[in-house]
Amino acid sequence: MFHLLKVFLDICLLRAPPQTIPKSTLLQALTLLTYVVANGFLAAEELPGWKAVLAAGVDALLLVALAQTVLWVRNTPERVTQTVTALAGTGTLLTLIAMPVLAALQHGDQANVIQALAWIALVFWSIIVVGHIIRHAMSVHFLWGMAISAGYWYISYNVMYILFLQNNA
């Protein structure tokens, strides 16, 4: 367990590629489950319970769709399991780091500039981590991975906004 946590941390720090994760559908399912749970708790800051869980599930489906699509384009479907596991595992880790920052922003009397900057830094770092994973999964240049990651973030944000946040704003 500790070894896997270290691998996900190393991927988040751009020190390891997603190929260092064991290829296991059980591990993939467990990381997707933890991703949904963590993101469900994070979404609960903005949404009521059942909508938060639904939003987290949609987010996980978008993550799987990203991996399936980019690896289909590169004709490397054998990398899907490790890529999804890397995306979900690092996403869970980054979400756990983001929870106290978002909670402080949501429940503070006034928005603290440092907390807001920390939130922005976490968003950018998550885009970089996804770009890092995608570049290794697709065997492309880091800039391509970043472009795909930024496009994914844009699409994901808009899908989530339209489905869950549009009427709450």
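User: Does R15 count as buried or exposed?
Analyst: This is a predicted model, where local features need pLDDT of at least 70 and side-chain atom pairs count only at pLDDT 80 or more, while totals for chains, interfaces and linings use all residues. Residues are numbered from 1 along each chain as its sequence is written, and side-chain values use heavy atoms, leaving out hydrogens and water. Buried means under 20% relative accessible area, exposed over 50% and partly exposed in between, with a 1.4 Å probe and protein chains only. R15 has 58% relative accessibility, so R15 counts as exposed.

User: Which residue forms a salt bridge with R15?
Analyst: A salt bridge here puts a side-chain nitrogen of Lys or Arg within 4 Å of a carboxyl oxygen of Asp or Glu. For R15, the closest N and O atoms are 2.8 Å apart, and the partner is D10.

User: How do helix 3 and helix 6 run relative to each other?
Analyst: Helix 3 (residues 49–73) and helix 6 (residues 142–165) pack at about 150°, with axes 11 Å apart. Axes are lines fitted to C-alpha atoms, for helices over the stretch in contact, and angles run from 0 to 180 degrees between N-to-C directions. Under 35 degrees is roughly parallel, 65 to 115 roughly perpendicular, over 145 roughly antiparallel, and the rest oblique. That makes helix 3 and helix 6 roughly antiparallel.

User: Which residues does T95 contact, leaving aside its neighbours within four places in sequence?
Analyst: T95 lies in helix 4 (residues 80–107) and is buried, with a relative accessible area of 6%. Contact means heavy atoms within 4.5 Å. With those neighbours left aside, T95 is in contact with A38, N39 and L42.

Definitions and conventions
Helices (H or I, at least four residues) and strands (E, at least two) are DSSP runs, numbered from the N terminus.
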